[in-house]
Amino acid sequence: MTVRRMDNVGIVVDDLDAAIGFFTALGLDLEGRAPIAGQWADGVTGLQDMRVEIAMMRTPDGHGRLELSRFLAPPVVADHRTAPVNALGYLRVMFTVEDLDATLARIGKHGAQLVAKVVQYEDTFRLCYVRGPEGILIGLAQELG
């Protein structure tokens, strides 16, 4: 048996509204927002008395999803928001965009900042890393040609 698909990538945030605004400006659609709690949630996460609010963001093609979570309980135990790109664990999510410059201008209004600079890889892509609200690290790529 093989994997059928990747369902979503999860990111824990402190300000869910700011994260939704950022990813909406990037071009994702808010698919839904809901509180999550209960015995099943405790069972799957291994946390006791877990209460979280999630927002599911969907890419325009409908194939990719990003689950944003804000924990209400238990308290967050670690903070990786300022980890450099060579840190162990979650690194980044990469999005392909139509117009990199227009995207950077749009998400810049939501606090996005370039990590270094926009670079070109051969005649194939223009690429960059961006930190969004709360230091969320994402990659952006524009296909060339």
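1. Starting with the pocket: strand E4 gives the largest share of the lining of the largest pocket, four residues. Strands here are DSSP runs of at least two residues (E), helices are runs of at least four (H or I), and both are numbered from the N terminus. A quick caveat before going on: this is a predicted model, with local features needing pLDDT of at least 70 and side-chain atom pairs counted only at pLDDT 80 or more, while totals for chains, interfaces and linings use all residues. Residues are numbered from 1 along each chain as its sequence is written, and side-chain values use heavy atoms, with hydrogens and water left out.

2. More on that pocket. Its volume is about 740 Å³. Of its 30 lining residues, Val12, Ala78, Asp79, His80 and Arg81 are the closest to the centre. Strands E1 (9-12) and E4 (65-73) each supply at least two residues of the lining. For the record, a pocket is an open set of points on a 1 Å grid over the protein atoms alone, where a 1.4 Å probe fits, with protein on both sides within 12 Å along at least five of seven lines; lining residues have an atom within 4 Å of a point. Points are joined across faces, edges and corners, and the volume is the space filled by probe spheres set on them.

3. Arg131 deserves a look. It sits in strand E8 (residues 125-131) and is buried yet has no salt bridge, the nearest side chain of opposite charge being Asp79, 8.9 Å away. Buried means under 20% relative accessible area, exposed over 50%, and partly exposed in between (1.4 Å probe, protein chains only). A salt bridge needs a side-chain nitrogen of Lys or Arg within 4 Å of a carboxyl oxygen of Asp or Glu; for charge, Lys and Arg count as positive, Asp and Glu as negative, and His and the chain ends are not counted. What the Arg131 side chain does reach is the backbone oxygen of Gly135, at 2.7 Å. Leaving out residues up to four places away in sequence, Arg131 touches residues including Arg81, Pro84, Gln113 and Leu137, where contact means heavy atoms within 4.5 Å.

4. Arg126 is in strand E8 too. Its side chain joins that of Asp101 in a polar contact of 3.2 Å. That term covers a pair of N or O atoms within 3.5 Å; within protein, one must be able to donate a hydrogen and the other to accept it, and residues adjacent in sequence count only if both atoms are side-chain atoms. Beyond four places in sequence, the residues that Arg126 touches include Leu100, Val118, Gln120 and Leu144.

5. On to helix H1. At its start, a side-chain oxygen of Asp15 comes within 3.3 Å of the backbone nitrogen of Asp17. The buried residues of H1 are Leu16, Ala19, Ile20, Phe22, Phe23, Ala25 and Leu26. Keep the helical repeat in mind: an α-helix has 3.6 residues a turn, so residues three or four places apart point the same way.

6. After H1 comes Gly27, with a positive phi near 125°. Gly27 belongs to the loop between H1 (16-26) and strand E2 (29-37), and is partly exposed at 29% relative accessible area. Its C-alpha is 9.9 Å from that of Phe95, 68 residues apart in sequence.

7. Phe95 itself lies in strand E5 (residues 93-96) and is buried, with a relative accessible area of 11%. Its contacts, again beyond four places in sequence, include Phe23 and Leu26, along with Thr59, Leu66 and Ile138. The C-alpha atoms of Phe95 and Leu140 are 5.0 Å apart, though 45 residues separate the two along the chain.

8. Now the salt bridges, eight by count. Arg5 and Asp7 pair at 3.4 Å, N to O; Arg5 is exposed at 60% relative accessibility, and Asp7 is partly exposed at 37%. Asp17 and Arg33 pair at 2.7 Å, N to O. Since Asp17 is in helix H1 and Arg33 in strand E2, this pair ties together parts 16 residues apart in sequence. Asp17 is exposed at 52%, Arg33 partly exposed at 38%.

9. Arg58 and Glu31 form another salt bridge, with the closest N and O atoms 3.1 Å apart. Arg58 is in strand E3 (residues 51-58) and Glu31 in strand E2, so parts 27 residues apart in sequence are tied together. Both are partly exposed, Arg58 at 24% and Glu31 at 36%. Salt bridges with shared partners also join Asp17, Arg33, Glu53 and Arg70 into one network.
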